[in-house]
Amino acid sequence: MKTQSRIDAQTNLILRIHIIWRGLLALMAALSVWMIWARMAELPVWQKILFSLAAILVMVFSSYGAYQFSKHNHSGRMISLTLDYLGFVVCFVFALNVGEFFIGIDALGENFGKGIPYLGITVLGYFLGMLEEYFPTRNNASENSLKTVSKWVMLSGFLLFLWQVKALNGIVYFFGKFAQPGGMVAVIGLMVFGLSLWSMNRPNVAQALNVKTRHEQVINGWLFLSPNLLGFLIFFAGPLLLSFYFSFTDSDAIRTPNWVGFDNYAKILNIKFITLDVPDQLARDVVDIKVYDEVGRFTFGDRGILFAAEDKFFWLALRNTLTFVLFAVPLSVLPALVLSNVLNSKLPGMKFYRAVYFMPSIAAVVGISLVWQWLYNATIGYINYFITLGIEFWNNLFNVAIIDPKIQWVSDEKTALFAIIIIAAWQTMGFNTVLFLAGLQNIPGELYEAATVDGAGAWDKFWGITLPMLAPTTFYVVSTTTIQAMQVFEQVFILMNPPEGPNNSTITLVLYLYRSGFQNFKQGYASAIAWVLFIVIFGLTLIQFQRQRRSSIYES
Amino acid sequence: MKKNLLLKIMGLVIIASFVLTACGSPAATEAPEATEAPAMTEAPAATEAPATEASSADVALRWRTRPDNQEEIDVYSKISTELDAQLDGITLTYEPGGSEGSNYQDQLRAEVAAGTAPDVFWIPGTDVADFATRGLILNAADLAAATDGYTATDFYEGPMYHLTYNPETGASGDGSGAVWGLPRDVSTFALYINLDLIAEAGAADPRELAANGEWDWEAFLEVSQATRALGSDIYGYGASAWWGPYGVWLNASGGGFFTEDRTACNLNSAESLAGLDFQRSLYQDYDVAVPYGEDPEPGFRAGKVAMFQNGRWATPGVRTVDFNWDVVELPAGPNGTAGNWLFWGAYVINANTEHPEEAWALVQALTTAETQGKVAALGANIPSRVSQEALDAFLTFTPPANNQAFLNGIDPSAAPTAEGPLWAGSWPQFDQIMGPAIQGVLTGSTTVDDFGATICDEANKAFNQ
């Protein structure tokens, strides 16, 4: 009550308007929920649910905000600022859409580049103006003329820039769009939300709502976070949740999806293990072949076990992916550890080698895969060429008859996945080396000095100091490399022809979900595969976290 | 302070101009529908965008096809410009698609799903059913019926069977009630032969054998073995790893991928397995072929492969080699034919186009004998119109000297199997099952018997249950 007595009439009016505005917004949100379900029959269910949820949240928070305003509570302001800020952003994006900004990227690419040289003239003009600061003269007249010239150069450069990028066209077109209903809605929205934000930020209003410095700090903190947070919600969390929904539908990305419950997951996980009377018994004799396919079989003497699945490709992909991880991770971590120790030495030229080993990490995967494709070519590839040369040299030198294996790196079922592992390990090793190097440089030198005093050798220091002290780095390297390996795709897609390889020896989970979603029009099923993959990666990472906690010297 | 303020203002104006440049392109300002369309976010808005030069009365159309190289892009761009001038009231924008098959199709599918695909686009024959049954391409039957002089028989029968197939009635041809598009061109396989290697090996010239009617699997194997004997790095035969090359061996022995009505798998028939077994023997028993899965084209161009099986589309690339070469038709198999394919792809109309009539006019213009002749002159493909004039012209597009080998491949007497979609199933799914399994056989990790015992159990799942 004390606070209320200090509120001036104008502030009081603003607060009253805000209470009405909050109530009105809540009412509009409630109305939009009704419209979504009653008037928008053509809208897919998932969109109805999504928009309804958003509207209900606006309705609830706006009503609560109005209530808090009536109590002159600062949380009312916080809610108001948040909702109005979000509303402003939505209207701004909508305005850009109305102005066809999002489909004008080609025009942007084509025209903006033409204007950049003229921006150079502007910069030149700016530097002309700066000359007098670096080379002061006593002649005021010449200084003034230089300033004038600088201004005119800057202005003319800038105008030419605006002319070249067709900014005037843009203004005319952009504002022309606002005469249409969609444009008007966007403008009114921008004005209303903007006005609301402005009035909420007035010191008198803040004071009337008992806003303290810490409240302002919280708001500012969220405001600075908001660009990233909104980007995360819209471009990462949103699609993530959407794919979760799609995983329960038969979505083909084109028609309205139908809800199929757990069917997609059931198909993925529908497997059978059946004992075979004889190891080579046909799958069709023991399972319903219209449903199941043989994934593999295990032989024990004169008996066998058949592993059948409704979706054999998923299980083959899982097998290949796990095999890939099993080999690619150690091969890209262990050599990196050794290499980082070598590169950490003070020998001359080490910086050069650090750069050399890091280069594969920054090269484009597609380019790398194409180069390796040539190297691996069984008939004219360099790898086999050097193997042949080596064998011929050896045979001639020792008069032996070693047969040239002529390895079919990518076309043989036994070597295809290994060929991809080599590329992945080679490419990842450099980046891991840099991470290990950073870790090594954080180990205090005193530890090694003390160990030297105690008579420890190089090997003892490595085992006793380097490895334990590198544990956090190792954990990070192993975790990220494992996650990356579980998502292997590009190398397989580019290198192999067909990507699945002979007898599906190189089909991987991401490749399979890509094939399902983007080539076979099965977005719903592909989403389910993606979520199963997520669970597998999450499980593996969790195990690594637990092992790390148990073994970390930092924890103990 | 003033300077700082000036810089800040200029910075803001630059950011604003970033937005305005995107909005203020001539495309956006001059597109006729832009001011009329209430739903600015819908696909047609993108369709309108490229109409940079459109007069206010013109209808702007985007069209796309898959070129294999820059020369083809140039030819298609030129054709687009010429048709733009020729078609009244239509302004065209040509968009070259990806150069790799999968990229082109994947990108196109994504754009179709997003509603931003062009008005007219090319798709391979195998995709027609998938696009048609999902309602992604327009059935132009009504437009075709109202067009003077249009008849499906102007084009090769194989492609038109599928392009006029009505999935509801099962009818095909003129009056079936379906026209999904018109074929851009046709192609077929031949063997690109390294004449120097064959001469060096002392083997018979395959062209002469073909002319004498002696070019069969046995003769093919003899030439392959003779050239393979030239050195451990010389191969008698090479083919790429996809369904086309291995399919011909199955076709030539009387088998094939599907049953005659294309409603079930036929990979396990005795004829199909016999054809597959002969091909397997080339890789595994006789060791005359570039290992399956390895790209044979670099080897052929390096002069280390005597016979390279590929389509007409490989001709521009082969023309750059520095040895004597020519082409010969595929050898005849046990059933007396080479089992060759009639490859084709079609221009189809986006089901969401706002201008179906203009799009149909464009499809027709893109498939006239004149337009096809311009594309065929590059040497990469054969006109899809059945016309002696077109075939005569094709023979002049040399090298290779023996262009007739390609025409023999598509001649009805050679009974080529038309590439085609699966109206009763999913071709991509079938291919996904078949490809790796056949590769397993040809690389020696699966026996033909094991393949035959299980393949159709799996592949039949690609057909509608």
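Domain bounds in this predicted model come from an automatic or database domain assignment.

**View 1. The two domains of chain B.** In chain B, domain 1 is made of residues 31-187 together with 344-395, while domain 2 is made of residues 189-339 together with 425-462. The centres of domain 1 of chain B and domain 2 of chain B, taken over C-alpha atoms, are separated by 32 Å. Where these two domains meet, domain 1 of chain B gives 11 residues to the contact and domain 2 of chain B gives 7 residues. On the side of domain 1 of chain B that touches domain 2 of chain B, the residues divide into 3 nonpolar, 5 polar and 3 charged.

View 2. Four strands of chain B form an open sheet in the order β6-β7-β5-β8, and their pairing is mixed. Because β6 (235-239) and β8 (325-328) of chain B stand at the edges, each with a single partner strand, one side of each is left without a neighbour in the sheet. From one strand to the next, the twist averages 25°. Strand β5 (residues 189-194) of chain B and strand β7 (residues 305-311) of chain B run antiparallel and are joined by 5 bridges, and I193(B) is found opposite M307(B), which belongs to β7(B). Helix α11 (residues 217-228) of chain B lies across β6 and β7 of chain B, and it runs at about 120° to β6(B).

**View 3. The contact between chain A and chain B.** How many residues does the contact take from chain A and from chain B? Chain A gives 54 residues and chain B gives 55 residues. On the side of chain A that touches chain B, several elements of chain A each supply at least two residues, among them the helices α4 (74-98), α5 (105-134) and α6 (140-164) as well as the strand β2 (293-300). The residues on this side of chain A divide into 27 nonpolar, 17 polar and 10 charged.

**View 4. Helix α17 of chain A and the residue G455(A).** Helix α17 (residues 445-453) of chain A has 9 residues, of which the number buried is 0, so this helix lies largely in the open. After α17(A) comes G455(A), whose phi is positive, near 90°.

**View 5. Confidence along chain A.** The mean pLDDT of chain A is 88, and 97% of the residues of chain A reach 70 or more. Among the elements of chain A, the lowest mean pLDDT, 51, belongs to helix α1 (residues 2-6), whereas the highest, 96, belongs to helix α11 (residues 263-269) of chain A.

Methods
Residues are numbered from 1 along each chain as its sequence is written. Chains are lettered from A and ligands numbered from 1 in the order in which they are written. This is a predicted model: local features need pLDDT of at least 70, side-chain atom pairs count only at pLDDT 80 or more; totals for chains, interfaces and linings use all residues. Ala, Val, Leu, Ile, Met, Phe, Trp, Tyr, Cys and Pro count as nonpolar, Asp, Glu, Lys and Arg as charged, and the others, Gly among them, as polar. pLDDT is the predictor's confidence in each residue, from 0 to 100. Two strands pair if DSSP finds at least two bridges between them. Axes are lines fitted to C-alpha atoms, for helices over the stretch in contact, and angles run from 0 to 180 degrees between N-to-C directions. A residue is buried if 20 or more other C-beta atoms lie within 10 Å of its own, exposed if 12 or fewer, and partly exposed in between; C-beta atoms are placed from the backbone.
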